[in-house]
Amino acid sequence: MAELILKVEQLSLAFGGVKALTDVSFSVKKGAVFSIIGPNGAGKTSMLNCISGRYQPNQGQVIFQDKDVTHLQPNDRADLGMGRTFQNLALFGHLSVLDNIMVGRHHLLKNNWLTGPLYWLSNAQTEELEHRRRVEEIIDFLEISHIRKAIAGTLSYGLRKRVELARAMALNPKMILLDEPMAGMNLEEKEDMARYILDLNEEFDITVVMIEHDMGVVMDISHEVMVLDFGKKLICGLPEEVMADPHVKRAYLGIDDDDITLQEVS
Amino acid sequence: MSSLTMRPCGDFRTSYKQDNTIFETSTIRWVAVLTVLLLCTAPLFLDGYYLTLCIQVSYLGIAALGLNILVGYTGQISLGHGAFFGFGAFASAWLNTSFNIPVFLSIPLAGFLTMAVGMMFGLPAARIKGLYLAIATLASQFIIEDFFGRAEWFSGGPSGASAEPLSLFGFVFDTDQSFYFVALFALVTMYVWGCNLMRSRDGRAFVAIRDHYLSAEIMGIKLNKYRLLSFGVSSFYAGIGGALYAHYLGYVSAEGFTIFMSIQFLAMIIIGGLGSIKGTLMGVIFMVLLPEVLESTVSVLKDTDWGNVPMIVDGLAYIKEMAIGLVIIGFLIFEPEGLAHRWAQIKNYWKFYPFSY
């Protein structure tokens with residue numbers, strides 16, 4: 001458990017005068033479910049974008065599996081085993097669910113534009129079928145087999161989120177970054193999603209780094225929680241410790257009037 | 001490829017291989033094979049005029065498929081496709097006459113040469129998109145046209161270049177009847193190639209870039225590489241189409257490869273259906289037949305008492321051009337997804353007949 005998969009060191013990111021992230025350091029243990037929480041605009045998604053390569057941080061380092069990936073392109077990080085989903089759906093709308101997930105296998109497939117079209121003559125067909133098998137396992141795991149031929153853009157919100165997760169899993173990632181996997185879902189879908197996250201963490205041995213607003217889910221399934229506020233790290237620790245911290249309560253959860261009166265009484 | 005979720009009763013698929021076919025059902029596959037076989041017998045009962053039209057569909061169809069891969073599948077735009085088509089024509093003639101490369105080799109080589117040129121002009125495509133890309137490719141159209149005019153060693157300048165007919169094992173394909181088979185073979189090969197490209201790794205990457213380039217990058221697709229490659233593949237097709245054109249006519253001159261030709265290619269894929277392989281072919285057939293149908297209509301009208309209006313009979317050339325414009329506008333308004341979509345809807349209607357859903 002002690003082995004680290006991701007280390008973020010003194011990361012700073014600024015857009016002009018706006019400091020999105022200031023000096024944030026943290027590390028994620030291999031096999032953990034790590035949650036990042038914080039109020040709106042705290043820099044959670046910016047943090048994820050820095051890790052996945054969408055943004056280049058102004059300062060600091062991102063170390064993934066003992067390799068400095070700070071200046072790598074996003075597509076190179078995918079090769080190293082980093083998958084992610086987006087907060088606003090980012091599926092390939094006109095492709096079928098199956099093809100969406102097959103795109104996730106892109107960096108594992110070998111055929112190019114010349115050998116691929118020689119479908120039967122090169123090994124493109126065998127390769128395609130081989131990876132299809134693995135994709136079907138993921139489809140079974142996430143229980144989306146009934147929609148595998150549907151066009152992704154026509155699906156409901158909850159299903160699209162699930163397809164996105166499937167696509168990220170198809171990368172064979174060591175670590176998966178989830179940006180609000182449960183936003184906009186009803187209770188039942190949330191329960192399902194939480195179960196999938198736990199299962200992919202335990203069965204497929206994928207480290208999970210996620211941003212989530214539903215505190216119930218965060219406290220239930222994470223091993224570790226980090227709180228960001230105005231681009232700064234407030235605290236990082238076990239869910240219970242974080243919950244109990246007064247700064248966190250003030251910054252994010254809000255303090256009940258009752259709590260204040262209780263404190264004053266005591 | 002198989003996007004259709006509805007399959008006929010009793011069509012069970014028990015392996016992934018059966019599920020990955022080009023054609024949706026085995027019936028469609030047999031119909032396609034039969035059509036090709038039937039087309040092989042066409043020279044027996046069609047005369048030269050119709051064979052010319054078929055050959056025209058073939059070389060334009062190949063080039064249009066290239067443009068559809070670029071515009072319909074990768075979501076880029078190109079206004080210089082006609083120039084690439086012309087470059088392929090000149091390149092093949094040039095390779096053949098200057099280096100004595102046999103024609104059956106110079107055609108694919110011209111494809112690769114055009115691909116290299118296309119990628120050179122596609123370089124800005126990795127950086128810009130939308131309207132700006134349209135202007136950049138427009139520039140490529142004019143630069144290449146100018147090149148044709150100036151590089152006499154390549155294109156023969158104003159007098160044009162002559163191209164030897166294709167010959168294979170001593171047999172010379174210099175008649176409509178014989179070249180028809182070459183055209184048919186090339187068409188089928190390039191379309192099968194296109195179908196296979198779109199159901200394998202790089203084809204999916206193209207569509208992924210079109211639909212959502214940010215997440216495509218996160219999925220491990222190198223954006224610049226694939227945008228450039230898409231330009232390359234598209235010019236490759238244009239080059240092959242152009243080379244066939246050259247060796248069919250036996251003579252290439254720069255006048256034909258103007259911006260008007262590029263627009264015509266765009267019209268073909270818009271009418272046929274962006275992002276559809278069979279739609280491309282439909283669009284090309286439509287655009288090739290449109291002027292011919294107009295012409296025969298007018299020649300029928302000419303013989304009637306009421307139809308012999310000078311405005312129609314003498315203005316045929318203008319009517320042809322106006323018709324192309326009208327058809328494009330009509331399709332954009334009434335069927336923006338093209339003939340392929342219309343075809344699918346007609347098919348669905350009959351599948352459910354007499355119920356509407």
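Chain A is assigned two domains. Domain 1 of chain A covers 1-81 + 173-266, and domain 2 of chain A covers 90-170. The model is predicted. Taken over C-alpha atoms, the centres of domain 1 of chain A and domain 2 of chain A are 28 Å apart.

**Where the domains meet**

- Domain 1 of chain A brings 10 residues to the contact, and domain 2 of chain A brings 8 residues.
- On the side of domain 1 of chain A that touches domain 2 of chain A, α2 (74-80) and α6 (187-202) of chain A each supply at least two residues.
- α6(A) gives the largest share of that side, with 3 residues.
- By residue class, the side of domain 1 of chain A that touches domain 2 of chain A holds 7 nonpolar, 1 polar and 2 charged residues.

**How helices α3 and α4 cross**

- Helix α3 of chain A spans residues 97-104, and helix α4 of chain A spans residues 124-141.
- The axes of these two helices come within 10 Å and cross at roughly 115°.
- Angles of 65 to 115 degrees count as roughly perpendicular, so α3(A) is roughly perpendicular to α4(A).
- The crossing of α3(A) past α4(A) is right-handed.

**What lines the helix contact**

- From α3(A) come A:Leu98, A:Ile101 and A:Met102.
- They meet A:His131, A:Val135, A:Ile138 and A:Ile139 of α4(A).
- The residues in this contact of α3(A) with α4(A) are 6 nonpolar and 1 polar, with no charged residue.

Note on methods
Residues numbered from 1 in each chain as written. Chains lettered and ligands numbered in written order. Predicted model: local features only at pLDDT ≥ 70, side-chain atom pairs only at ≥ 80, totals over all residues. Domains from an automatic or database assignment. Contact = placed C-beta atoms within 7 Å. Helix = DSSP H or I, 4+ residues; strand = E, 2+ residues; numbered from the N terminus. Nonpolar A, V, L, I, M, F, W, Y, C, P; charged D, E, K, R; others polar. Axes fitted to C-alpha atoms, helices over the stretch in contact; angles between N-to-C directions. Parallel < 35°, antiparallel > 145°, perpendicular 65-115°, else oblique. Left-handed = near helix turned anticlockwise from the far one by under 90°.
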